[in-house]
Amino acid sequence: MKENDIRFIKLLILVNGVVPLALLIWDQSHNKLGANPQNFLILTTGMMTLIFLVLTMAVTPLRKITGWNWLIQFRRMLGLYAFFYGCLHFLCFFSLDRGFSISSTLTEMVKRKYLIVGSTALIAMIPLAVTSTNAMIKRLGGKRWRALHRLAYVAVIAGVIHYYMQVKADVRQPLVFAVVLAVLLGYRLMEYWRRPKPVMAAPATANPKSGT
Ligand code: HEM
């Protein structure tokens, strides 16, 4: 794929990632967020977080299945959008629902366990966002960076569980997310098992002349 095409797709992702936020701001300023605008903001930003997280997780399997290696160039953007919407989601809850009160937020977490699970997901994303720059990848080295980025699994699994736990009646949508995630993670597991394992160095054979 040509450099110009990559740049164009990046621009497309950039614009599409901002559109939901722009719509929210527009609708909010025109009082069009429905009967419970606070809840609408929390739910929409939560959904955007999960969608971007799952899209980020889809990049590697898709790249391997199709051979489109250029897909990898969009993974960081998708992941950063997930983090951005995750922070916004938390901020909406913290400000609109809890009035910026830390103690009230903590008390609510004890009452509603799905908030602890959601927070686990968001906290797991912090080191990923911090180490997403080229300089950080260089500084950590590929091996350590990849090991750290396994936290993405924690984030997305906790994100889906958080969604499932907070649903009141109809669990179909969180289950769809769970199935998609199971397929994506299942693919990675299969890849891991199929990968040839490094052969252990054979123990040095005893030297027959030395009598050992
Ligand atoms: C990566 C982290 C997170 C993800 C992926 C996520 C995702 C979601 C999703 C998908 C929903 C439901 C949206 C819908 O029904 O349309 C939701 C709801 C919600 N989330 Fe999160 N969330 C995360 C972190 C958090 C955190 C850190 C908090 C607060 C401490 C939080 C608080 C809430 C609340 C209060 C709701 C609404 C529950 C309700 O009205 O019944 N979430 N979240």
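How far is the sulfur of Cys-92 from the closest cysteine sulfur, and in which residue is that sulfur?

A: Happy to take you through it, with the reminder that this is a predicted model. The closest cysteine sulfur to that of Cys-92 belongs to Cys-87, and it is 11 Å away, too far for a bond. Seen from the other end, the sulfur of Cys-87 has its closest cysteine sulfur in Cys-92, again at 11 Å and too far for a bond. A disulfide would need the two sulfur atoms within 2.5 Å, and by this rule the count comes to zero disulfides.

From the cysteines, let's move on to the packing. In soluble globular proteins, nonpolar side chains tend to be buried together. Here the largest nonpolar core has 33 residues, and Phe-52, Leu-53, Met-57, Met-125, Val-156 and Phe-177 have the most contacts inside it. Two or more residues come from each of helix H1 (3–29), helix H2 (37–66), helix H3 (75–97), helix H5 (113–130), helix H8 (151–166) and helix H9 (172–194). H2 gives the most to this core, with eight residues. For a view from inside, take Met-57: leaving out residues up to four places away in sequence, Met-57 touches Ala-152, Tyr-153, Val-156, Leu-184, Leu-185 and Arg-188. Apart from this core lies another one, of nine residues, with Leu-41, Ile-42, Phe-93 and Leu-115 among them.

Next comes the pairing of H1 with H2. Their axes come within 11 Å and cross at roughly 175°. Angles over 145 degrees count as roughly antiparallel, and that makes H1 roughly antiparallel to H2. On the H1 side the residues in contact are Gly-17, Pro-20, Leu-24 and Gln-28, and they meet Pro-37, Phe-40, Leu-41, Thr-44, Thr-45, Met-48 and Phe-52 in H2. Sorted by class, this contact has seven nonpolar, four polar and no charged residues.

Asn-31 lies in the loop between H1 and H2. Although Asn-31 is not a glycine, its phi is positive, at about 50°, and at 72% relative accessibility Asn-31 counts as exposed. Phe-100, in the loop between H3 and helix H4 (102–111), is likewise not a glycine and has a positive phi of about 60°. The relative accessibility of Phe-100 is 57%, so this residue counts as exposed.

One last stop is Met-136, in helix H6 (residues 134–140). Met-136 is partly exposed, with a relative accessible area of 22%. Setting aside neighbours within four places in sequence, Met-136 is in contact with Val-130 and Thr-131. If you want a distance to check in your viewer, the C-alpha atoms of Met-136 and Arg-195 are separated by 27 Å, and these two residues are 59 residues apart along the chain.

How values were computed:
Residues are numbered from 1 along each chain as its sequence is written. This is a predicted model: local features need pLDDT of at least 70, side-chain atom pairs count only at pLDDT 80 or more; totals for chains, interfaces and linings use all residues. Side-chain values use heavy atoms; hydrogens and water are left out. A nonpolar core is a set of buried Ala, Val, Leu, Ile, Met, Phe, Trp, Tyr and Cys residues joined through side-chain atoms within 4.5 Å. Buried means under 20% relative accessible area, exposed over 50%, partly exposed in between (1.4 Å probe, protein chains only). Helices (H or I, at least four residues) and strands (E, at least two) are DSSP runs, numbered from the N terminus. Contact means heavy atoms within 4.5 Å. Axes are lines fitted to C-alpha atoms, for helices over the stretch in contact, and angles run from 0 to 180 degrees between N-to-C directions. Angles under 35 degrees count as roughly parallel, over 145 as roughly antiparallel, 65 to 115 as roughly perpendicular and the rest as oblique. Ala, Val, Leu, Ile, Met, Phe, Trp, Tyr, Cys and Pro count as nonpolar, Asp, Glu, Lys and Arg as charged, and the others, Gly among them, as polar.
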